[in-house]
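Please find below a colleague's note on the structure shown here.

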Amino acid sequence: MDAQWIDEFHHALRVTSGEEKTGYYSDFHGVSHLAKSYQDAYVYDGQFSEHRQKFFGIKAEKNPGKQFVVFSQNHDQVGNRMCGERINRLLSFEMKKLVAGATLLSPYLPMLFMGEEWVEPHPFLYFVSHTDPQLADAVRKGRKEEFKAFHNQGRPLTPCPKKRLKTLSFNGRCSSRNRTERFSAIIKNLSL
């Protein structure tokens, strides 16, 4: 294995920062699981998962930290939110700094998601370009079903229109330039 993402680090970090324990987040217990991820990479390495209703995971004892990529958000985690909210819309400025520090100072390879370093305000909405109407309908129905237990505030957007791509473009500037510059400086200092 060259490297892989640790979704479990993300889930534990998000619950620690105040995310509701719904959907697959329901398996994570905040700081204790974040500490386990720092120590062992995987939170679930053979124990029972209530969400999955089975024993799950394996130990990563022989894998060095450089083989794991951690993040506080990525295209899957943001795009799979009902309204595509980035962490910048969900957390206070102080909590964003803590989350950035927890990610960048971890014993793993940190990854920042598109625009995270300058507090990009635009949502990153899930989109697909399926040309098969039945497949597009199946995706729409599947997302609606997933949101029954997870990120269920609002109404799922249709994931298929081509105009959705235009909403994914970066702004590159925030309403609060001072805050953006301060956060960018924090990221830069943590990354040195």
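1. The coordinates come from a predicted model, and the remarks below should be read accordingly.

2. The structure contains nine aromatic pairs. One of them joins Tyr42 and Phe68 in an edge-to-face arrangement, with the ring centres 5.6 Å apart and an angle of 85° between the planes. Tyr42 is in the loop between α2 (31-40) and β2 (48-49), whereas Phe68 belongs to strand β4 (residues 68-70), so the pair ties together parts that are 26 residues apart in sequence.

3. Tyr42 has a relative accessible area of 14% and is therefore buried, the limit being under 20%. Phe68 is likewise buried, with a relative accessible area of 1%. A single aromatic cluster is formed by Tyr42, Phe68 and Tyr108.

4. A further aromatic pair, Phe113 with Phe124, is edge-to-face, at 5.3 Å centre to centre and 90° between the planes. Both Phe113 and Phe124 are in the loop between β5 (109-110) and α6 (133-146), eleven residues apart. Phe113 is buried, at a relative accessible area of 4%, and Phe124 is buried as well, at 10%.

5. Which arginines deserve attention for their placement over aromatic rings? Arg52 is positioned over the face of Phe56, 3.5 Å from the ring centre. In the case of Arg143, the charged end sits over the ring of Tyr126, at 4.0 Å from its centre.

6. Is Gln67 buried or exposed? Gln67 counts as buried because its relative accessibility is 14%, and the class requires a value under 20%. Gln67 is located in the loop between β3 (54-55) and β4.

7. With which side chain does the side chain of Gln67 make a polar contact? The partner is the side chain of Asn63, at 2.9 Å. Leaving aside residues up to four places away in sequence, Gln67 touches Met1, Asp2, Ala3 and Gln4.

8. Ser191 is part of helix α7, which comprises residues 177-191. The relative accessibility of Ser191 is 47%, so Ser191 counts as partly exposed; the exposed class would require a value over 50%. The C-alpha atom of Ser191 is 9.2 Å from that of Pro110, although the two residues are 81 residues apart along the chain.

How values were computed. Residues numbered from 1 in each chain as written. Predicted model: local features only at pLDDT ≥ 70, side-chain atom pairs only at ≥ 80, totals over all residues. Heavy atoms only, no water. Helix = DSSP H or I, 4+ residues; strand = E, 2+ residues; numbered from the N terminus. Buried < 20%, exposed > 50% of the residue type's maximum accessible area, 1.4 Å probe, protein only. Phe/Tyr/Trp six-rings, centres within 6.5 Å; stacked < 30°, edge-to-face > 60°. Lys NZ or Arg CZ within 6 Å of the ring centre and 35° of its normal. Polar contact = N/O pair within 3.5 Å; in protein donor to acceptor, adjacent residues only side chain to side chain. Contact = heavy atoms within 4.5 Å.
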